[in-house]
Each structure stands twice: as C-alpha cells, then as structure tokens.
Amino acid sequence: MAFWIRVFVLCAAWGAALSVTRYSIPEEMERGSVVANLAADLGLEPGGLAQRKVKLDIFHSKKYLDVNKRTGELIIVETMDREYLCPSKPSSCLLKLDVVVESPLRIFNIELVITDINDNAPHFRRDRVELDVSESATPGERFSLPNAVDPDVGTNSIKTYKLSPTQHFAIEIQTGADGSQYVDLVLSKSLDREETAVHNLVLTAEDGGKPVRSGTANIVVRLQDTNDNAPQFERQIYTINMTENSPIGTRVVKLDATDADEGSNSELVYSFTLYTSEKTQDVFAIHPDTGEITVKGTVDFEDVKFYEMHIEARDKGTHPLLGQCKVIVHVTDVNDNHPEITLQSVKNTVNEDVPVGTGVALVTIGDRDTGDNGKVHLFIRDSIPFVLKQSPDRPMHYELVVAKPLDRESVPEYEITLIARDSGKPPLSDNQTISLHLLDVNDNVPQFPQSSYTIRVAENNAPGALLSSLSAFDPDLHENQYLVYFILEKEVANTSMSMLFSINPENGNLYALKTFDYEMEREFFFHIEARDSGSPPLSSNVSVHILVVDQNDNAPVIVSPWRAHGSLVEEKIPRSTEKGSLVAKVIALDGDSVHNSRISYQFLQVSDASLFSLDQYNGEIRTARMFSYKDWRHHRLVVAAKDNGQPPLSATVTIKLSTVETAVKAYSDMSEVPLEYDIFSDLNLYLVIGLGSVSFLLLITILVTIVLKCQKVKPSMAVPNGRNSVLSERNSTLADSTLVSNDAYWYSMFLAETRKGKLVVRQPAPKGSRYMVSSIPRSTGMSETSGSAPSTLQYPK
C-alpha cells in the first residue's frame, strides 16, 4: 500500500515538472545578485516557503544558486564562469536545476542560461616561438605560427592577428573549414645574419569584445648562418718593435681576425703563408686557434734586424674563406754583446832599463752591438807605468807602451789588466791580462846595511875568531847580485891590514888573524869593499872600526912601598906617634883600563886591628890611636890590593912595623935605597912589555897634546903641569895626600924607563925642592936624576 502511495506522488510530481521555467543571466555575476523572483514566477507564497520546505535540487557539484525563503528570490551564492561550466559548449551554456516543494510535494524545472561576456583575452598556447631561418632564404617563404585561443564565444572570441613592425616579415591569416584561423609568417625581404642575426617579433591576437582584449606571443627568428663572409684582420700591416734576446715564449702580438659568420663558419685557423721564410718560422710561432705570435727561437739583432711574417686566417666552413695580413717585427738592439779584446804582438819580457815609449803589445777592440752599445773604451785597470796610445787612423787599435822608467828591484813583474767597456746601459766589459816580466840589468851597487861598522873584540882572542858578518845586499839578480868582498889595503905601523884581518870573499865574514892585546893595540880602522859580478861590475865600501875591549888580564902591581926582594917591607915608627899619623902608604897600579884597573885596599892580616886603619881607596895606613906601653913593639900588616875585574886579581905586601923609643928621621926625609932585583924575570916579562907599550902610547898622546897647547900660549908662559910632564909639583909634607897621583905618574915613568933597560929608583930631596926621579942605565950602571935639585950620579951596590 505504501509503495503505491509513493509511486503516485512521484507521478504527480513528474506531471507538474513538465513545465520549464527559463532564466538568462550573464556570467561572472557577483554573489547576492538576484536572478528572478522564483516564488512569483512559480505561484508560491513567499511567506510559506519555509513551512513548505522549498529547496533547490542542483545537478552540479557546486552550489551556485539558492532560494531566499523569506522573499522567494533566486539569488547567486557563487560566481559562475561560463567557460568553466560549459567548456565543451562554447556557443551556449545551460544550467538545469529543480525547485522541490515537499509540502505538498511539487517539483518545478528551472533552466538557467548563462550568457558569455568578454572576460577572457586571447592567448597563445606558446608565448615564445623560435624559428630557425637560413639567411639565404628567398622572399616569399612561409613559416607556420601557432594560433591563439579565446574561451569566449561569438564576438568575444578572436577576431584578428597583428605582427609587430618589420621590413623583413609579414603575416597571412588562413581560415579553416571549421572557422578556425591560422597564421603564417611570410618572408618579405632577403635576410643578412651578419646585419641582424636574430629578429624578435611580436604576434598579437585581438578579440571582438568591448573592450577589446588581446594576447601576444614572442616570435624569435634566428637566422642560420651561411659562409658568406671571409675573415678580416684589424689591419693589413702590423709593425712591432721588440728587443733582441727576448725569452722563448715572449708574446709578440695577438692577431684578432674576425669573421661575421658564426659557428664553424666563424671559427678561424691562423697560420704562416708560403711567403714567410723558414728562418722566420724558426724564430717565431703562431698559435693556430688564438692567433698569438710568440718567440720560439733566438732573436739576435746582430743576425737579423727585422722579420717579415705573412699570416692568413682561414675559417672552418664547408667552403672555407680566408683573410691575410703582414706582421713586420723590428728588432731593437740591446747591450748583449761583450766587447772583445784581441792581443797582437805581445812581449812578455823586457829589460828593466827599456826607454820610455817602448811598445809592449798591440791591442784591437770590437763590439758587435750598435750605437752606444757598440762604443767601446779601453783603459788600464791599475795605476802602473804604462799607457795606451790610440792609432790616429784606426780608432779601434791601440799600442801599449812604457810610460815611466821601470825598476825590476821595485816591481819585478806586472800584471797589466786591460779593460774594454761599452757605453750601454748597463755597460758590459771584457778584460785581458798581460804578464810582463822585467829582465835584470846591473843597475844597483851593493849596499851594506850600515854606513859604518864598529866591532868590539875582546883582547886575548883566539886567532881565526869570527868578528862579524859584513854582508852587503844587491837587489839585482843572478850574476849581477853575486858579491865578492875585499879588504882595502892599508898599512898601520908598517903592518898591512890583510896581515891582521881576513874576510871571506863569498859571505863577508870578518876574521881576526892574530891575538890582540888591549895594552898594546886598542883600535883599527880600515875599509871593506863589496863588488858584484855584473858587466861592468859595481862596488861600494864601508868603513870598519875595530875596538879591542880590555879584559882583566893584568894583576895589580904594588909600586909603593918598594921592596927589592919578596913582599916584606920593614918600617920604623916612634912610639910617640900621635893618632891619625901616616904610618905607610900602599900604592898599586894595574895595566888594565876602566873598571878593571880600579883598585881597592884591605887588610888581610893585622896584629892589632884597633891600632891601625887602612883607607880602601888610597892605601894610606894610619894610626887609629896612640901607642901604649902594653902594645907590642913589632907589628905585622898584610895589605892586599885588588882590582875590580871579573874575576878580580890582586897583589899583597907585608909590612913589618917596629916602634922605637927615640925619634927617627921623618918619613919624607928617608931615602929609598936602590934595590937590585931582576926586572926582566920570567914572571913579569910580559907584564913589563904590556905596561910599557901602553905607557908609550899614552906618552905619545900626551906629548902631542902638549905641543898643540904650547902653540897657543906666549913664549914667556911656564909649561903647564900634566901627567906627561917630567917634573910634578909636590909638597914634601908627610901628610900630603897628593902622593897617589904623583906616585901613579912615577909608576908610568917607571914602566917607560924600565922598557929602556934602566933601573929606576925614587929618593927624597931637601925640603922646598921638587921630587926627583932617577934612572940608571943597566948597561953603564950610572943613575940619571931629574928634578930641581942638582943632578947626582949613583952607582948600584
């Protein structure tokens, strides 16, 4: 039963729906817009729509419409796009919906026609279209372009196409059987890719709506190149300056040829043409891709001053085209060549006495460079006695000559360094050294180190002893310096120097041929000559002064008090002698000289040291106190006279002193009785000879001095006192201390007279008279007495 009721209701509703209500609206109406008063159109009461439960049954996935149950109006709740709702029906778009009234049930069919508006602009399926067109294409060729689409319909759809302005292209519109329009791009003028490689065109599609809408597409026409352009160089001739000796790899120039074509037609290959010499190609290289020319060999200005290269650039087209240019490289000279010195006719040895201006060598200079780099100056490095003379007609030729006198002894050889220097920057130089040896000539006399020699030789020397080496020096060489030594002959006292001295002729060693005695020979003076072996020989001489040096070879001789035999002397003295009285005086003489003859006196033995004193310098023995009754009557005094030599020598005398009660004759009145003894005994023979010789020389010297002095005084003047005077002033007083000097003179006279073979005695004279010296010739036995007293003759006992 219920089933059938439902079927009935449906059938009733279907019947009611057979009437269709249609509305028409434009697309894109805004929300809330009223389409129609649905209640009025369907005969429904607006106020009862809610109770009757009115609703829309839309056959679409999206709800675009709704019923306002208060007013009964059909309103838009969602904007409708006709192109979206009816994509397959561009000419018409119908939206169907049902209005269902549930109480009572009624169904109303509604059709909503959505009309088109021009809300879509035309657009191309591709907004960028690229066409590849050969630049060799002929006018009239056609190229298809994509058409535009417009979702709108009718007049709002595409109406026409337009092309941006261009003189090479145009468009033609074709209409298909279905009314669709197609556009062709037509070439209207010949193309040149090198002029314009790419043509950018704009194709515009316009619809017929109001306002008109349009869409555009970019048409890029790329011209395909054809090899119709040959490579071109910037210049036909390139002039390059480069310095010689540029390192390998140095860039000379980069050639940049251009080809208006593209692709392989513009890819260039650079190379030398057949007009470029092989020698040039050995020096330079060109990169086939970059056109860079570099150095691959030696660039030598002195070899080639400029290079010429012919270059071609060839493209890689099917039918290649080429372009050519010429590169000229001028080589700039640099100072890369050292000056050259050539020695000709060189002398390596010359005599040291060659005259100034003598040529030593011929020199030639040169330089392969040019300009300032080839200007060469020749000079001598050191300051030496040589100069360079330039040839007046050949500027590069010089002569090396002697500028100053040469001396082999100062400089035996020269290292002459010649320097050639150019004027380049920086300058280069070369040098050559000439070794010049000077040959010796005999131009130097032998030279002794000293102008004179004073040689001291100790007396008693051994015969043949070496005195000194008197070697001279000769700066010459070889035989010119071989020296021979001679003693220049000179006689002294009828004795030749060659008898006393000898010199080694080869080395100048001087020897003594005899033994010298200072007391007889004290000095010698002669010359020695040194002579070389040159031709002619040269010689020089030097003075030699030989001084015989005294040695302590003579012992002191006690001459006072005199004793005839032995060394015992007897003296008597009164016991009443006062303190300080002179008892005796010891006098000793020494034949040596200087310090060896200085004598001092001392007691070796004395019986009573408190009674007697001895002066060590003058030998005087004096009483230290007065005699007493307890003192002995006889005293023994032993006195030693010692010289100052090393080792010292001495002599002694023993004095036996006796005291007497009665007065004795004064000491000055006592006579010295001549004592006989053998003067020329074997013990003192040599002493007498030596002392005599010394005294003789001394006497001669004194006599000469007196003669010279006497010539300066008046004849009436008295002869002055001196050691050489026979008469010596003397005071006869016992205490006179001048006995030392007078006794010394007496001893000199003693030696002089004994040398003549006479016996000399000393005896007192009366008071006020001068002291007397007597000599008795041994042959006659007579005595000669000198003095102011009358002369007496005495005979020895």
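Colleague: Which residues form one aromatic cluster with Phe 501?
Modeller: This is a predicted model, in which local features need pLDDT of at least 70 and side-chain atom pairs count only at pLDDT 80 or more, whereas totals for chains, interfaces and linings use all residues. Residues are numbered from 1 along each chain as its sequence is written, and side-chain values use heavy atoms, with hydrogens and water left out. Besides Phe 501, the members of this one aromatic cluster are Phe 516, Phe 524 and Phe 526.

Colleague: How are the ring planes of Phe 501 and Phe 524 arranged?
Modeller: The structure holds 11 aromatic pairs, where rings of Phe, Tyr and Trp (its six-membered ring) pair if their centres lie within 6.5 Å, and planes under 30 degrees apart count as stacked, over 60 as edge-to-face and the rest as tilted. The centres of Phe 501 and Phe 524 are 5.4 Å apart and their planes stand at 75°, so the pair is edge-to-face.

Colleague: Which strands hold Phe 501 and Phe 524, and are these two residues buried or exposed?
Modeller: Phe 501 belongs to strand 37 (residues 501–503) and Phe 524 to strand 39 (residues 523–532), so that the pair links parts of the chain 23 residues apart; strands here are DSSP runs (E, at least two residues), numbered from the N terminus. Relative accessible area (1.4 Å probe, protein chains only) under 20% means buried, over 50% exposed, and in between partly exposed. Because the value is 1% for Phe 501 and 7% for Phe 524, both residues count as buried.

Colleague: Where does Asp 225 sit, and which side chain does its own side chain join in a polar contact?
Modeller: Asp 225 lies in the loop between strand 16 (214–224) and strand 17 (237–243), and its relative accessible area of 15% makes it buried. A polar contact is a pair of N or O atoms within 3.5 Å, one able to donate a hydrogen and the other to accept it within protein, and residues adjacent in sequence count only if both atoms are side-chain atoms. The side chain of Asp 225 reaches the backbone nitrogen of Glu 262 at 3.0 Å. The side-chain partner, at 2.9 Å, is Arg 193.

Colleague: What is the order of the strands in the open sheet?
Modeller: Two strands pair if DSSP finds at least two bridges between them, and five bridges join strand 26 (residues 359–366) to strand 29 (residues 397–402), with Gly 359 partnered by Val 401. The four strands pair antiparallel in the order 24-26-29-28.
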